[in-house]
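Could we go through this model together, taking the confidence, the sheet and the aromatic rings in turn?

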Amino acid sequence: MGSQKKRNFQIEAFKHRVVVDPKYADKTWKILEHAIHEIYNHNASGLSFEELYRNAYNMVLHKFGEKLYSGLVSTMTSHLKDISKFIEAAQGGLFLEELNRKWADHNKALQMIRDILMYMDRTFIPSTHKTPVHELGLNLWRDNIIHSSKIQTRLLNTLLELVLRERNGEVINRGLMRNIIKMLMDLGSSVYQEDFEKPFLEVSADFYRVESQKFIECCDCADYLKKAERRLNEEMERVSQYLDAKSEVKITNVVEKEMIANHMLRLVHMENSGLVNMLLDDKYDDLGRMYNLFRRVPNGLSTIREVMTSHIRDTGKHLVTDPERLRDPVEFVQRLLDEKDKYDRIIGSSFNNDKTFQNALTSSFEYFINLNPRSPEFISLFVDDKLRKGLKGVSEEDVEIILDKVMMLFRYLQEKDVFEKYYKQHLAKRLLSGKTVSDDAERSLIVKLKTECGYQFTCKLEGMFTDMKTSQDTMQGFNSAHGADLGDGPTLAVTVLTTGSWPTQPSITCNLPTEMLALCEKFRSYYLGTHTGRRLTWQTNMGTADIKATFAKGQKHELHVSTYQMCVLMLFNNADRLSYKEIEQATEIPASDLKRCMQSMACVKGKNVLRKEPMSKDIGEDDVFFVNDKFTNKLYKVKIGTVVAQKETEPEKQETRQRVEEDRKPQIEAAIVRIMKSRRVLDHNNLIAEVTKQLQSRFLANPVEIKKRIESLIERDFLERDNVDRKLYRYLA
């Protein structure tokens, strides 16, 4: 059936030979050619597009497609040559307008011509691989107009001239520019790039090179950056208004290179206005501008970061080594916190909270805070000051903020165990004197320390709080058991301290007044009766007392004194005058403590309940003391402090240091054993590196000390040296 159909079709198709008028093609083309002329001459309204379409259709059908196509090319070319003459003749500013007008006309004409020749476009052109009508029209426009010798250079120069005028602040016809640039883009990306973009970028680079040189000679850093930022924004806006979007990256790269990258170091180090001056004067906006501009160029941010880091390190180093600043530990730490706040604000508001800048700030603080070996002590003194009196009337949130800041400084310390030593001493004094502002704040800080360093670090500190609570319960028990026996005599408040938890110094117990001895003995027998297997040692150097005193003219006061001061004052109940030697003999208080104790009672104005001969600021071995009958004070209760250095004296410092070193030994040994147990065999250098790493959360271990501990462990048969390689250690189970 299918073959029958096929045969019928063949017979029908070729039965009669179709004879075409030999002049048919020429006649038909003449009609179409006339129509194209009319379209270009704006007389298309009188044409019958249906008839023209049919004519073009028939030409293709009768195999005259080639004639039609070549006729179209030559007709359009001749029209475009005429058009180019028109455009060339346009003077001055009319040149672009004429070009724009003719381009619009050409596009309209092209649309109509394409409609007429639609059949050729769809059948003949694909089969012969020729250029479609619309594209052909664009190519002919490019070759005959844009690349015409008299138009090409003139067009480029006109466009660049307009851009330059706009850069210099003149207003130009952006709509016209947009149309012309779009025309170049419509003609193909290569036309836009070769005929406009490349030269535009070269001219821009020259322009900004000259301008940046001019600016850098006459402006300070902040002004220069403002100008650079403005130029960058202008170029981006220019692209959005009338250039190809792909040009944005290229033109901004030009501005960045010429205005920023090429002058980066000079800007950062500019005298009186560079980065360091901005940091000193908290110029947040200028710093933010510098950050945003420099981040656009290679190595821009690292340049800012390096200068900032070296500045912070220099100021920090000066801060922690300046002897003037070391006089007041609280002020010293406050300055560190202020410095940290300052740079946190700068990084937050100007440097986009950049992690790399935060890390640089952290490493700078770690560097200079550890330059001063007394930093751990000073940070503890700062906490002590705040928790004694500095946090009175401060809200809970603000207390937390202050404690968090202290913790931040604490993290920077390499010798955290030294801080712990001092913190324990200061906490003990606060708890025993009842001077802490807030138990919650104390506990909050201990929780923070525990989170940071683990239970090991804070277990003794927590033990101190436990002792305080237990002591209150013990005293309640003692008072209810013996309260009736005490009558009007002296009363006692005892705090029982667990030896391992508190920083107790081995102190010589002084001779207490007889009135107190009986009471202390009563407490001892009560306590040992309720707790078996314990030993009590009185720490008279840590206690306080309230005593009532009557001076001449019946003037009465209640004096709040230390235990040592009480022992001295009670002697004057039985003597009018006592020499220093007699007091020392009677009380057996250690000489250094006794001198401080006498100094605070005889040499401090307003607190001088005693007088001495000869009158001087220091206490001598031959001084004689007597009660100051003329003592007066507005208050009934008078607190007589002890003259103490807030910071440690040199011997005390050495002693603390020694205690710290002693405490480190077992920790280093434990770390060595832990590592060797898991690794079994390890060489010397790797073992030292591992130990240092394990202990760095508490302190920076000294390699010499680690070596000594290894030797000690070898002597005690925990480790042995390899027989062949002496630098290799083996673990002995």
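The questions and answers below concern a predicted model.

Me: Over which residues does pLDDT stay under 50?
Reply: The mean pLDDT of the chain is 86, and 93% of its residues reach 70 or more. The stretch that stays under 50 is one for which the model has zero contacts beyond four places in sequence, namely residues 1-19.

Me: Which strands stand at the edges of the open sheet, and why?
Reply: The sheet is open and antiparallel, with its three strands in the order S3-S5-S4. Strands S3 (577-579) and S4 (610-613) each have a single partner strand, so one side of each is left without a neighbour in the sheet. The edge strands are therefore S3 and S4.

Me: What angle does the direction of helix H26 make with that of S3?
Reply: S3 pairs with strand S5 (residues 624-627) in the antiparallel sense over three bridges, and arginine 577 stands opposite phenylalanine 626 in S5. Helix H26 (residues 580-587) packs on this sheet, where it touches both S3 and S5, and its direction makes with that of S3 an angle of about 85°.

Me: How many residues apart in sequence are the parts that the pair of tyrosine 57 and tyrosine 119 ties together?
Reply: A search of the whole structure finds 21 aromatic pairs. In the pair of tyrosine 57 and tyrosine 119, the ring centres are 4.4 Å apart and the planes stand at 55°, so the pair is tilted. Because tyrosine 57 lies in helix H3 (residues 49-61) and tyrosine 119 in helix H6 (residues 118-128), the parts tied together are apart in sequence by 62 residues.

Methods: Residues numbered from 1 in each chain as written. Predicted model: local features only at pLDDT ≥ 70, side-chain atom pairs only at ≥ 80, totals over all residues. Heavy atoms only, no water. pLDDT = per-residue confidence, 0-100. Contact = heavy atoms within 4.5 Å. Pairing = 2+ DSSP bridges. Helix = DSSP H or I, 4+ residues; strand = E, 2+ residues; numbered from the N terminus. Axes fitted to C-alpha atoms, helices over the stretch in contact; angles between N-to-C directions. Phe/Tyr/Trp six-rings, centres within 6.5 Å; stacked < 30°, edge-to-face > 60°.
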